[in-house]
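Visitor: I have a model open and want to learn how to read it. Can you take me through it feature by feature?

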Amino acid sequence: MAKEGIKAREVKREKMVAKFAEKRAALKAAGDFAGLDKLPKNSSPVRLHNRCKLTGRPRGYMRQFGISRVTFREMALAGKIPGVKKASW
């Protein structure tokens, strides 16, 4: 599991991106790159990274479910994800 501080940092970035989204879009449309440069770095959506909602794992993220592949496998085998079952042919 990821450290709580790293998960908190990612949540903080998400809030900041949402807060400055309108202002950022307006500055981009106007072509004011100096103004864009003065905004906080964490307000840029490029700095966001998808993380597992349960464990905070940054790699192997499954966008459809919002969790990592490891967590997905554990939950699917335990029957905690509706409509998902192990393939056999």
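Visitor: Which exposed residues does the face of helix 3 turned away from its buried side carry?
Guide: Terms come before the case. Helices are DSSP runs of H or I with at least four residues, strands are E runs of at least two, and both are numbered from the N terminus. Buried means under 20% relative accessible area, exposed means over 50%, and partly exposed lies in between (1.4 Å probe, protein chains only). On helix 3, the face turned away from the buried side carries the exposed residues Arg73, Glu74 and Leu77. Arginine 73 has a relative accessible area of 56%, so it counts as exposed.

Visitor: What kind of model is this, and how are residues numbered?
Guide: The model is predicted: local features need pLDDT of at least 70, side-chain atom pairs count only at pLDDT 80 or more, and totals for chains, interfaces and linings use all residues. Residues are numbered from 1 along each chain as its sequence is written, and side-chain values use heavy atoms, leaving out hydrogens and water.

Visitor: Which residues of helix 3 are buried?
Guide: Helix 3 spans residues 69–77, and its buried residues are Thr71, Phe72 and Ala76. Seen down the helix axis, they fall within an arc of 130°, so they line one face of helix 3. That arc is taken over the directions from the helix axis to the C-beta atoms.

Visitor: What covers those buried residues of helix 3?
Guide: Contact here means heavy atoms within 4.5 Å. The cover includes strand 1 (61–62) and strand 2 (67–68). Just after helix 3, glycine 79 takes a positive phi of about 80°.

Visitor: Which residues make up the largest nonpolar core?
Guide: The general idea is simple. In soluble globular proteins, nonpolar side chains tend to be buried together. A nonpolar core is a set of buried Ala, Val, Leu, Ile, Met, Phe, Trp, Tyr and Cys residues joined through side-chain atoms within 4.5 Å. In this model the largest has five residues: Cys52, Ile67, Phe72, Ala76 and Ile81. Leaving aside neighbours within four places in sequence, alanine 76 is in contact with Ile81 and Val84.

Visitor: How many aromatic pairs are there?
Guide: A pair of aromatic rings is described by the distance of the centres and the angle of the planes. Rings of Phe, Tyr and Trp (its six-membered ring) pair if their centres lie within 6.5 Å; planes under 30 degrees apart are stacked, over 60 edge-to-face, the rest tilted. By this rule there is one aromatic pair. Phenylalanine 65 and phenylalanine 72 have ring centres 4.8 Å apart and planes at 40°, so the pair is tilted. Phenylalanine 65 is partly exposed at 34% relative accessible area, whereas phenylalanine 72 is buried at 16%.

Visitor: How many salt bridges does the rule give?
Guide: A salt bridge is a side-chain nitrogen of Lys or Arg within 4 Å of a carboxyl oxygen of Asp or Glu. The count is two. In one, lysine 7 meets glutamate 4, with the closest N and O atoms 3.3 Å apart. These residues are three apart in helix 1, so about one helical turn separates them. Lysine 7 is buried at 18%, while glutamate 4 is exposed at 57%.
Guide: The side chains of glutamate 10 and arginine 13 form another salt bridge, at 3.6 Å from N to O. Both lie in helix 1, three residues apart, about one turn of the helix. Arginine 13 has a relative accessible area of 16%, so it is buried.

Visitor: Is glutamate 10 buried or exposed?
Guide: Glutamate 10 is buried, at 6% relative accessibility. Its place is in helix 1 (residues 4–30). Not counting residues up to four places away in sequence, glutamate 10 touches Arg47, Leu48, His49 and Arg51.

Visitor: Where is serine 43 found?
Guide: Serine 43 sits in the loop between helix 2 (33–38) and strand 1. At 1% relative accessibility, serine 43 is buried. A polar contact is a pair of N or O atoms within 3.5 Å; within protein, one must be able to donate a hydrogen and the other to accept it, and residues adjacent in sequence count only if both atoms are side-chain atoms. Such a contact, of 2.9 Å, joins the side chains of serine 43 and arginine 24.
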